[in-house]
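Please consult the sequence and the coordinates alongside them.

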Amino acid sequence: MRKGKQNFEKNARLIFVLVISFAFFFIFATPTIVGAVDVGLEPVGEAIGASQTDIRVIVARIINVALGLLAVIALSLTLYGGFLWMTAGGVEERVEKAKKVLTNAAIGLAIILMSWAITYFVFSALLGEGGIFGPGGGPSGPPATYEQFSSALGNGVISYHYPARGATDIPRNTRILVTFKKEMSIESFISGYDDNDTPLDVSDDTASDLLNGANVKIYRTADGEGSALRETGACVRFTDDLKTFVFQPVEWLGSASENVSYTVSLGPNIKDAEGDDAFQGSMSDGYQWNFQVSTFVDLTPPEVRSVFPRASEEYPKNVVIQINFSEPVDPTSATGHTSRFSNLMAEGGGIILGTFSISNEYKTVEFLSDESCGTNSCGGEVFCLPGNADIGVTVKAASMASDEAPAAIFPYNGVVDMAGNSLDGNGNGTAEGPSTDNYLWTFRTTDNVLIEPPSVVSVNPSAGEGVVAPDLPVEIIWDTLMSFSGLNSSNILLGDNQEDEFAIWYSFDSENLTEDGLAAEGELVPHHTLTSMRHGLFLEETEYYPEIFSDVKDVYQNCFSPAATPGCPKDRDGAPWCCDEQPSNSRSTGACQSFPVKQR
């Protein structure tokens, strides 16, 4: 009798320990597993049907749910074994059966716990901090697909950069570029540079081209920051507007035998021209991105893909001159004011004073004259070319050493690509230098000024659309040709209902299309513009609302006002705002009421 009582007490303690273990498991594991079940079961089913979610995410969620179900089964077996034991009534066979059930349940639980730990570790490594089972380390961490140090692109001070985030097949002789939304402190990027307390006036500066390695780190990802280029490892240049900085490694990147991943890190101490921190708020830690360098060296010269206005045709004098290249070009060779810059020229009875500026992720250069000739529907100035004149435009090729073609001689007296290859203006596949490869065309202006605002024909995803693929580009189709200079993250915002610290990165590229939707290259007539927003993976359970500001303009400098869409015609009375293609009298009432206001 005494022995039976001792066995009962011993077994009761065992049952108590097992129950406490299960309780511990579910208390601490549930925020991870149940959280994944709650937000994952239905989206996983949808994603499998649409084949649009990262396959690693799908596999991880399926495993996570399966382990959760197995844990429930193990708990049920434990309760069943405990019930058998407590009701055995001293019958040895029933006690032994209960022991076997409890033993098997305990073994199963141990296997489940180990499986969950291994799976968590593997997928955390594959998918980054936080993995797939939950936000990094707990419910207060970042979403699983959020990319750290990325928000400053689009949401912050950075407009775009080259190479792009996650780019592959980048040539070994590439340059690295970053374009900001405001004038920047040159000293933040160049070691030994002194602006002599006149940050916007470079005429009295003590110049240097050494890399400021404390603020800009360029390194092989696998080797870490300790392997970053030193100050003599790259030459640094910048554009006249102090917004774009070019980093040219002294030695080629990568390897001739294998692809190599590189990281570029912009540190938190970078300043703008006013001396303020460039990266602020939730972005105060700086910005970072990766790209992959291939094994090849770029020896292919850039070409002119298309131009507007078209050769030999007539246009209103407030037209913007637009040149689209076959690949990104070095902005230090393709931008500037014509009073001190001659790599590109616009002439109409003499050199036309104005500025060539770069946009569209370095693939487009546009010219705007200095001559004011009226206002658009927003009250902004419109600038004109000479009226009733033949306008000639020249895009110059750069000089090359006879034995180094297509690589151009620095400083460049013509347009070059990101590898320093001179322009192939005649399109024969060979860089032959000036004047053989200069690209020239002529059009004529009238004395008229065209004032007609653009409108949006369609957007994708459409307003209110759900179950959107996380990597689906946001597309805007305009009813006319647009000036690419205004199609950027300063004028088109991507809002969301997340905290600012989890804002995803985004940037834009645009192209002109024919009336049939083909790329308007060569002799094909351009009809309208398609703008695409690339972005980080959309976060789950997050609403996104792109917003287009009136600073967006067409090729005649007409602003996007009124904000016209299929549901908001240009000729509507009042209701200046348009949200979800519905007119509204206020940004904070009517159709616009549910859209949070996001500051630019």
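Q: Is W478 buried or exposed?
A: The model is predicted, so that local features need pLDDT of at least 70 and side-chain atom pairs count only at pLDDT 80 or more, while totals for chains, interfaces and linings use all residues. Residues are numbered from 1 along each chain as its sequence is written, and side-chain values use heavy atoms, with hydrogens and water left out. Buried means under 20% relative accessible area, exposed over 50%, and partly exposed in between, with a 1.4 Å probe and protein chains only. Because its relative accessibility is 0%, W478 counts as buried.

Q: How many aromatic pairs are there?
A: Rings of Phe, Tyr and Trp (its six-membered ring) pair if their centres lie within 6.5 Å; planes under 30 degrees apart count as stacked, over 60 as edge-to-face and the rest as tilted. By this rule the count is 20.

Q: What is the angle between the planes of F189 and F245?
A: A pair of aromatic rings is described by the distance of the centres and the angle of the planes. F189 and F245 form a stacked pair at 4.1 Å centre to centre, and the angle between the planes is 25°.

Q: How many residues apart are F189 and F245?
A: Strands (E, at least two residues) and helices (H or I, at least four) are DSSP runs, numbered from the N terminus. F189 is in the loop between β2 (176–180) and β3, and F245 is in strand β7 (residues 244–249). Both F189 and F245 are buried. The pair links distant parts of the chain, 56 residues apart.

Q: How many residues apart in sequence are the parts that W478 and F560 tie together?
A: W478 and F560 form an edge-to-face pair, with 5.4 Å centre to centre and 85° between the planes. F560 is buried, with a relative accessible area of 5%. W478 lies in strand β22 (residues 474–478) and F560 in the loop between β26 (544–548) and β27 (577–579), so the parts tied together are apart in sequence by 82 residues.

Q: Near what value is omega for the peptide bond from S561 to P562?
A: P562 lies in the loop between β26 and β27. The peptide bond from S561 to P562 is cis, with omega near 5°.

Q: Is L242 buried or exposed?
A: L242 is found in the loop between β6 (234–238) and β7. Its phi is near 60°, a positive value in a residue other than glycine. Because the relative accessibility of L242 is 4%, this residue counts as buried.

Q: Is S312 buried or exposed?
A: S312 lies in the loop between β10 (304–308) and β11 (314–315). Although S312 is not a glycine, its phi is positive, at about 70°. With a relative accessible area of 70%, S312 is exposed.

Q: What accessible area do L70, I73, L77, Y80 and F83 have together?
A: Accessible areas come from the Shrake-Rupley method with a 1.4 Å probe, and for residues only the protein chains shown count as cover. F83, in helix α2 (residues 55–86), is exposed at 51% relative accessible area. Together L70, I73, L77, Y80 and F83 form a nonpolar surface patch with an accessible area of about 480 Å².

Note on methods
Patch = residues over 30% accessible without salt bridge, like charges linked within 9 Å, V, L, I, M, F, W, Y side chains within 5 Å. Salt bridge = Lys/Arg side-chain N within 4 Å of Asp/Glu carboxyl O.
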